Amino acid sequence: MNSGERRLRPRKQPRQVRAELTRQRILTAAAHVFTEHGYAAGTTNRIAERARISIGSLYQYFPNKDAILVELLTRHLDDGLRNTRERLPEELPDSVEETIRLFVRAAIDNHLDDPKLLRIMLEEAPRSQALLDKIARVERIHITYARDLIEQHPAVRVDDPHTAARLVVSTVELVVHRLIAASDPVDIPSFENELVAMLTRYLTGGPSRQH
């Protein structure tokens with residue numbers, strides 16, 4: 001691991017409950033500080049003060065604020081994957097539209113907590129190789145979910161299920177990220193309905209599959 005990778009990784013992986021609670025306090029405090037002050041002014045001193053710990057204690061867990069922001073983005077990815085798994089039932093709905101709605105709603109719900117923090121994470125978080133690998137793993141899992149739907153549902157009319165799955169996943173992720181994190185708020189129910197309608201028409205309105 002090179003020095004650039006090391007500076008983006010947590011210093012201490014807690015093994016005791018008390019240490020893990022301190023780590024979570026730092027992350028929660030950082031989320032508030034970055035949201036209130038922006039990333040440039042969201043210093044480690046402000047984070048430590050908000051977490052009610054010494055700056056020395058903070059540095060026992062994280063070497064700098066970049067590593068904290070990377071950890072927040074990693075937690076965001078983990079939460080999103082867990083939410084998707086919890087929302088998708090073993091037997092998907094008969095309707096393509098309702099199945100797509102499950103995907104879309106899970107993505108939207110995972111981005112509603114703090115749109116300003118989301119924008120900071122997307123625009124300013126450094127990309128370590130470990131984080132890039134994690135993003136790729138999460139994307140592959142979502143593509144597998146989508147491909148299973150496309151391959152199994154008789155109402156879906158696309159010629160290349162794998163490419164279609166990648167298009168659906170990329171569209172949901174990029175559009176949800178961009179509009180939820182936008183400075184001007186979007187009407188969530190309308191946004192969900194329009195995105196579901198667009199993807200449903202794409203999957204069901206094309207030519208018959210070639211065999």
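G38 is found in helix 2, where helices (H or I, at least four residues) and strands (E, at least two) are DSSP runs numbered from the N terminus. The model is predicted, so that local features need pLDDT of at least 70 and side-chain atom pairs count only at pLDDT 80 or more, whereas totals for chains, interfaces and linings use all residues. Residues are numbered from 1 along each chain as its sequence is written, and side-chain values use heavy atoms, with hydrogens and water left out.

G38 counts as buried because its relative accessibility is 19%; buried denotes under 20% relative accessible area, exposed over 50%, and partly exposed in between (1.4 Å probe, protein chains only). With neighbours within four places in sequence left aside, G38 is in contact with V33 and I120, contact being defined as heavy atoms within 4.5 Å. The C-alpha atoms of G38 and L117 are 8.6 Å apart in space, although 79 residues separate the two in sequence.

T35 also lies in helix 2, which covers residues 17-41. At 17% relative accessibility, T35 counts as buried, and T35 touches D114, K116, L117 and I120 when residues up to four places away in sequence are not counted. Helix 2 bends by about 85° at T35, the bend being the angle between axes fitted to the seven residues ending there and the seven starting there. The end C-alpha atoms of this 25-residue helix are only 31 Å apart, short of the 36 Å that a straight helix would reach at 1.5 Å a residue; the expected span is 1.5 Å times one less than the number of residues.

In helix 9 (residues 161-180), by contrast, the end C-alpha atoms are 28 Å apart, which agrees with the 28 Å that its 20 residues should span at 1.5 Å a residue. Buried residues of helix 9 include P161, A164, V168, V172 and I180. The buried residues of this helix pack against helix 5 (65-87), helix 6 (96-109), helix 7 (115-124), helix 8 (129-152) and helix 10 (188-204).

The largest nonpolar core has 55 residues, of which F34, I47, I68, L72 and I100 touch the most other members. Helix 2 supplies the largest share of this core, 9 residues. Such a core is a set of buried Ala, Val, Leu, Ile, Met, Phe, Trp, Tyr and Cys residues joined through side-chain atoms within 4.5 Å. Beyond its neighbours within four places in sequence, I100 is in contact with L149, V168, V196, L199, T200 and L203.

Overall, the protein chain comprises 10 helices and 0 strands, and buried residues make up 42% of its 211 residues.
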